[in-house]
Amino acid sequence: MRQDHLISAAQLSRTDVEAVLDRAADIDADREAWRRRHAGTVLGLCFFEPSTRTRMSFDTAMKRLGGRTVDMGPVDSTSVKKGESLADTVRVVEGYADAIVLRHPLEGAAKMASEFVDVPVINAGDGAGQHPTQTLLDLYTIRENAGLDDLTIGIMGDLKYGRTVHSLAEALTNFDARQHFISPESLQLPRSVRYDLHAAGAQVREHTALDEVLSELDVLYVTRIQRERFPDENEYRKVAGQYQIDADDLSVAKDSLTVMHPLPRVDEIAPDVDDTRHAKYFEQAHNAVPVRMALLDMLIGGDD
Amino acid sequence: MRQDHLISAAQLSRTDVEAVLDRAADIDADREAWRRRHAGTVLGLCFFEPSTRTRMSFDTAMKRLGGRTVDMGPVDSTSVKKGESLADTVRVVEGYADAIVLRHPLEGAAKMASEFVDVPVINAGDGAGQHPTQTLLDLYTIRENAGLDDLTIGIMGDLKYGRTVHSLAEALTNFDARQHFISPESLQLPRSVRYDLHAAGAQVREHTALDEVLSELDVLYVTRIQRERFPDENEYRKVAGQYQIDADDLSVAKDSLTVMHPLPRVDEIAPDVDDTRHAKYFEQAHNAVPVRMALLDMLIGGDD
Amino acid sequence: MRQDHLISAAQLSRTDVEAVLDRAADIDADREAWRRRHAGTVLGLCFFEPSTRTRMSFDTAMKRLGGRTVDMGPVDSTSVKKGESLADTVRVVEGYADAIVLRHPLEGAAKMASEFVDVPVINAGDGAGQHPTQTLLDLYTIRENAGLDDLTIGIMGDLKYGRTVHSLAEALTNFDARQHFISPESLQLPRSVRYDLHAAGAQVREHTALDEVLSELDVLYVTRIQRERFPDENEYRKVAGQYQIDADDLSVAKDSLTVMHPLPRVDEIAPDVDDTRHAKYFEQAHNAVPVRMALLDMLIGGDD
């Protein structure tokens, strides 16, 4: 990988992805060796929407590489309130920082921002658009636990609105994965995503119940079904309840099943799953650090 | 001290306390020697309630040890709003940080959190519960100024609701202190605290007026009486006014009297006390840094 | 310069200013040489009002010098809400930090704060009062682009309420500048500022239209005209529209004209100006870093 910005997972070839994951694995194997690598680097954090784990893990990643961060702070205490454009904001921040991590509520914001500045821009989520570093840490977690070859994965929950899911599904077409999508009918994959997956030759099947495929899966990727998607509370409860799992449900799964979730979870995964060998969602969250370290290292480049 | 977490002052023996205070004194005597001690360490700051001085002084303490901090940020910009449990939040943060400082509005939160993670958890206040590092810096300030042996201390103000006071009073039972409690009747020590003090063999007396004991005191620890505790403003003003001190009031005190206050103060201590030799409340606030450095050093352990 | 605090641009002689700008130029020429200069230093950021670029650039400046920062955070999560005085807040923070950057809504706040603490206080804006580091970075940008000798500068927009403008105009009286002020009648320079400029022997002219002087200018400093200054929206639009520039407007300007703006801008400078050789407002924003590094270095003093 030798790119200026990271805007979309789709810009990454299989070779690019593997380069990032290999670097992350190197880092994970010997954190000490990396902890002064970017000692003079300053990373700008521009989060136009609240974020806990994405912001904190980028912050951690830069610091674990020996660098510093400067944070724009919440939008309501910024110049944005005075009517400043995103292009102006990032052009100011590029004078402070060696790279910019950007989250913004509008799709396309990261791409636009990247066209105005000379420092690398990393998209940390742009509305309904992309969140490529989430995809990379998902792939890393899959590779570490189940391998990316000959993979059977189930992706369950809100498949309609979840950008995490769309991005992961598309990235998996670079590998030989069999993808099962499990959701209520009202929250199935959007037609455009389904089309892209077929165009890429993906092996895709859709289901409305987990038990149709659970026993075949190497990985089960669970996402949250949000209350707001349903016209009334009763309807939500009825539907959401069918896409929740507990330890009992997993009794028919392979021993080696890996259960993932982008977090935060609410009721989708019962706490009793946490103590099973399947639970890898906290490990997945922790993988944000080596994966984002790898990315920062590759985008910022050169020892400092 | 070789403990995994710091949840309550009550878990600390006299020996433990003295070990922390000795370490703090070492640090205070030669800050320079400590400033790279934990160069690779990342401390997670999880404040579920606003805090200025506790958060800032932990932040400073970690940085004065050469380490870094990552801050969860205010709760309203976090996953907590999406319904994430405290157990999940801290299990994510332990993947970023080598130790966690936690403040939470609910009593018992720190204890609970500590049961879910492998990194040290430091309780920075859990509602009406504990705030053990405040107690340690109070003890440090007393020891530096008046000594902890043969001590006569007066604790004045809101003795009913103040966790700082309860924790300090209980910690002083490890030493030979004579404790005088001065408060309006409606804000006296809760029965449970009084009971614990007697059970521990403490020498306790209660008063409604400071002048009954002021001249005997080595230390006067003043706390704020909050408006919210009174049904009406007039009642508050009348009562609170009796537990405020100015420089004149202190004319009958020992020359060596040390006046302390956990801060922020409002009207409890008049500004003219600031210029007297008695005023040690800013020094007390500053002691947060070496004491928290000592604690972090002991809990995180090992040169980095 | 050997001062304890930086409260007002007026406290700086021409020699002082040149010392800061020279230091900033040294830093800009070789950032690498400075990046460990203040490795053990902790800077306290106390912003009692929101700020993006001032806070971020001080944060960056300290980190680019190898130091750390501790941030008080937004006022609504601080002890200030509990009624703590500014004097108490800064006296606590001086126990954490080696210097304090203070922004406060009340004029005179920085001066007052400086009288209570022993560490250097840097005024980062006190209401309608001073913002001396903005003036220094403005002067630095002028010097780098047009030189400070034999300068013809136009200052346009809201000249009545803009502290940035007043401070810059007064600082320029130390140099041989010809100053043209361009504004609607309702937003002309306050009488007191005009008086001070004349008393200092400044060469001042006032205009209501830019085209009266544009062709003579070496520097055009544009400021925002705020909606709030006008009784109705129509009046605002009519007036503000006359003090906006686009690339076409600049066709009559000198080739070497430097256009500046303290940012954020809204409509005062059309985006098509960004691509002209005249646009220096982002460079101006970036100059905040070396100028604030120079100031911190000079106020904190001594290698660390």
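The legends below describe close-up views of a predicted model.

**View 1. The interface of chain A and chain B.**
In this predicted model, 25 residues of chain A are in contact with 25 residues of chain B. Between them the two chains bury about 2200 Å², and carbon and sulfur atoms account for 50% of that area. Four salt bridges are counted between chain A and chain B. The number of residue pairs in polar contact between these chains, both residues at pLDDT 80 or more, is 14. On the side of chain A that touches chain B, two or more residues each come from α2 (53-64) and α9 (281-286) of chain A. The largest share of that side, eight residues, is given by α2(A). By class, the side of chain A that touches chain B holds eight nonpolar, seven polar and ten charged residues.

**View 2. A salt bridge between chain B and chain A.**
The side chains shown are those of B:D88 and A:R265, which meet in a salt bridge. The N to O distance is 2.6 Å.

**View 3. The interface of chain A and chain C.**
Here the contact involves 25 residues from chain A and 25 residues from chain C. About 2200 Å² is buried between chain A and chain C, with 50% of it on carbon and sulfur atoms. The salt bridges between these two chains number four. Across the interface there are 14 residue pairs in polar contact, both residues at pLDDT 80 or more. The elements of chain A that give two or more residues to the side touching chain C are β2 (68-71) and α3 (86-93). That side of chain A is made up of eight nonpolar, eight polar and nine charged residues.

**View 4. A salt bridge between chain A and chain C.**
A:D98 and C:R64 form a salt bridge. Their closest N and O atoms are 3.1 Å apart.

**View 5. The surroundings of A:L106.**
A:L106 sits in the loop between β3 (99-104) and α4 (109-114) of chain A. Its relative accessible area is 55%, so A:L106 counts as exposed, the cut-off being over 50%. Apart from neighbours within four places in sequence, A:L106 is in contact with A:D126 and A:G127. From A:L106 to A:F175 the separation is 69 residues in sequence and 30 Å in space, C-alpha to C-alpha.

**View 6. An annotated span of chain A.**
UniProt, in an unreviewed entry, lists residues 150-298 of chain A as "domain: Aspartate/ornithine carbamoyltransferase Asp/Orn-binding". In the model, residues 150-298 of chain A are 30% helix and 15% strand. The end C-alpha atoms of the span lie 28 Å apart.

Conventions. Residues numbered from 1 in each chain as written. Chains lettered and ligands numbered in written order. Predicted model: local features only at pLDDT ≥ 70, side-chain atom pairs only at ≥ 80, totals over all residues. Heavy atoms only, no water. Contact = heavy atoms within 4.5 Å. Buried area = accessible area lost by both parts, 1.4 Å probe. Polar contact = N/O pair within 3.5 Å; in protein donor to acceptor, adjacent residues only side chain to side chain. Helix = DSSP H or I, 4+ residues; strand = E, 2+ residues; numbered from the N terminus. Nonpolar A, V, L, I, M, F, W, Y, C, P; charged D, E, K, R; others polar. UniProt positions renumbered as here; feature names shortened; annotations may be inferred. Buried < 20%, exposed > 50% of the residue type's maximum accessible area, 1.4 Å probe, protein only.
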